[in-house]
Amino acid sequence: MSQKVAVLGTGKIGEALLSGMIRAGWAPSDLLVTARRPERAEELRARYGVSPVTNPEAAKTADTLILTVKPQDMGTLLDELAPHIPTDRLVISGAAGIPTSFFEERLAAGTPVVRVMTNTPALVDEAMSVISAGTHATADHLAHAEEIFGAVGKTLRVPESQQDACTALSGSGPAYFFYLVEAMTDAGILLGLPRDKAHELIVQSAIGAAVMLRDSGEHPVKLRENVTSPAGTTINAIRELENHGVRAALIAALEAARDRSRELASGNN
């Protein structure tokens, strides 16, 4: 890889992206990082062989800037970067809820911006990263973003108008599954199983179900029906889930996550 890429605000997701890029073939000498704490920057240098720099240095030096700070910190970061970013730099935002127009209004006219919503399975190279183009981003810019985020999982292009929905589904999505596993583990304990055995049963069942969903090509209703025999145990469990409004609760939860993403876009932190 000949282009220099800088990851600004390198927390857990930023570090996962960094390590994935190196495994995918990027040379550490082509990767720059910034961090709020000097000791964190030095830790990344020691671990990956990358070069810690200041935010202005990254803006002046890198061909692509990946901004991974929290949404509430993005305005301050852009104020610092704006005087130093030439219009030929690609700016990639990984902040939930913030539209590309937020960046375009603060950067030089014509600066290409790509918005990406990834998720924490980037830590194990199983991320779902959703990519949208800003006004000045080209197909080449999108392809470059896909190349970067493809190092830690799967990518999908969507219109920016769908980003808040994607944030609710996949950006926050892993938390819903962790919550479900937590509840099922508690149920296993209630039914008389030790916690470690309940956890192992549920995690492997979740992995198996996910692989079937991904690889079988079958609709989830069909896969569920294959487990649900007449007058059996599964249909009794499904009846209770429906009686307790689990499906409606999930829909309401995702709507709430989408609405919060919109609030972040409007500056309501």
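**Figure 1. Setting of the close-up views: the protein chain as a whole.** Contact means that heavy atoms lie within 4.5 Å. The model is predicted, so local features need a pLDDT of at least 70 and side-chain atom pairs count only at pLDDT 80 or more, whereas totals for chains, interfaces and linings use all residues. Residues are numbered from 1 along each chain as its sequence is written, and side-chain values use heavy atoms, with hydrogens and water left out. Helices (H or I, at least four residues) and strands (E, at least two) are DSSP runs, numbered from the N terminus; the protein chain has twelve helices and eight strands. Its C-alpha trace spans about 70 × 40 × 35 Å along the principal axes. A residue is called buried under 20% relative accessible area, exposed over 50% and partly exposed in between (1.4 Å probe, protein chains only). Of the 269 residues in the protein chain, 37% are buried. Among contacts between residues at least 6 apart in sequence, 63% join residues at least 24 apart.

Figure 2. UniProt positions are given in the numbering used here, feature names are shortened, and annotations may be inferred rather than shown by experiment. The unreviewed UniProt entry lists "domain: Pyrroline-5-carboxylate reductase catalytic N-terminal" for residues 4-97. This span is 40% helix and 19% strand, and its end C-alpha atoms lie 27 Å apart. For residues 160-264, the unreviewed entry gives "domain: Pyrroline-5-carboxylate reductase dimerisation".

Figure 3. Helix α7 comprises residues 163-171, and its buried residues are Q163, D164, C166, T167, A168 and S170. The cover over these buried residues includes the strands β6 (113-117) and β7 (127-133). It also includes the helices α8 (173-190) and α12 (246-265). In an α-helix there are 3.6 residues a turn, so residues three or four places apart point the same way.

Figure 4. A pocket is found on a 1 Å grid over the protein atoms alone: it is an open set of points where a 1.4 Å probe fits, with protein on both sides within 12 Å along at least five of seven lines, and its lining residues have an atom within 4 Å of a point. The second largest pocket holds about 960 Å³ of space, a volume being the space filled by probe spheres set on the points, which are joined across faces, edges and corners. It is lined by 39 residues, of which G9, T68, V69, K70 and P71 are the closest to its centre. Helices α4 (74-81), α7, α8 and α12 are the elements that give two or more residues to this lining. The most comes from α12, with four residues. By class, 16 lining residues are nonpolar, 16 polar and seven charged; Ala, Val, Leu, Ile, Met, Phe, Trp, Tyr, Cys and Pro count as nonpolar, Asp, Glu, Lys and Arg as charged, and the others, Gly among them, as polar.

**Figure 5. The aromatic pair F102 and F103.** Rings of Phe, Tyr and Trp (its six-membered ring) pair if their centres lie within 6.5 Å; planes under 30 degrees apart count as stacked, over 60 as edge-to-face and the rest as tilted. One aromatic pair is found in a search of the whole structure. F102 and F103 form this edge-to-face pair, with 5.7 Å from centre to centre and 75 degrees between the planes. Both F102 and F103 are buried.

**Figure 6. Two residues with a positive phi, D125 and A231.** Most residues other than glycine have a negative phi. D125, which is not a glycine, has a positive phi of about 60 degrees. D125 is placed in the loop between β6 and β7 and is partly exposed, with a relative accessible area of 30%. A231, also not a glycine, has a positive phi of about 60 degrees. Its loop lies between α10 (220-227) and α11 (233-243), and A231 is exposed because its relative accessible area is 78%.

**Figure 7. Residues R37, P38 and K60.** R37 is in the loop between β2 (31-34) and α2 and is partly exposed, at a relative accessible area of 45%. P38 belongs to helix α2 (residues 38-48) and counts as exposed because its relative accessibility is 60%. From C-alpha to C-alpha, P38 and V53 are 9.8 Å apart in space and 15 residues apart in sequence. K60 lies in helix α3 (residues 55-61) and is exposed, with a relative accessible area of 53%. Apart from its neighbours within four places in sequence, K60 is in contact with H84 and R89.
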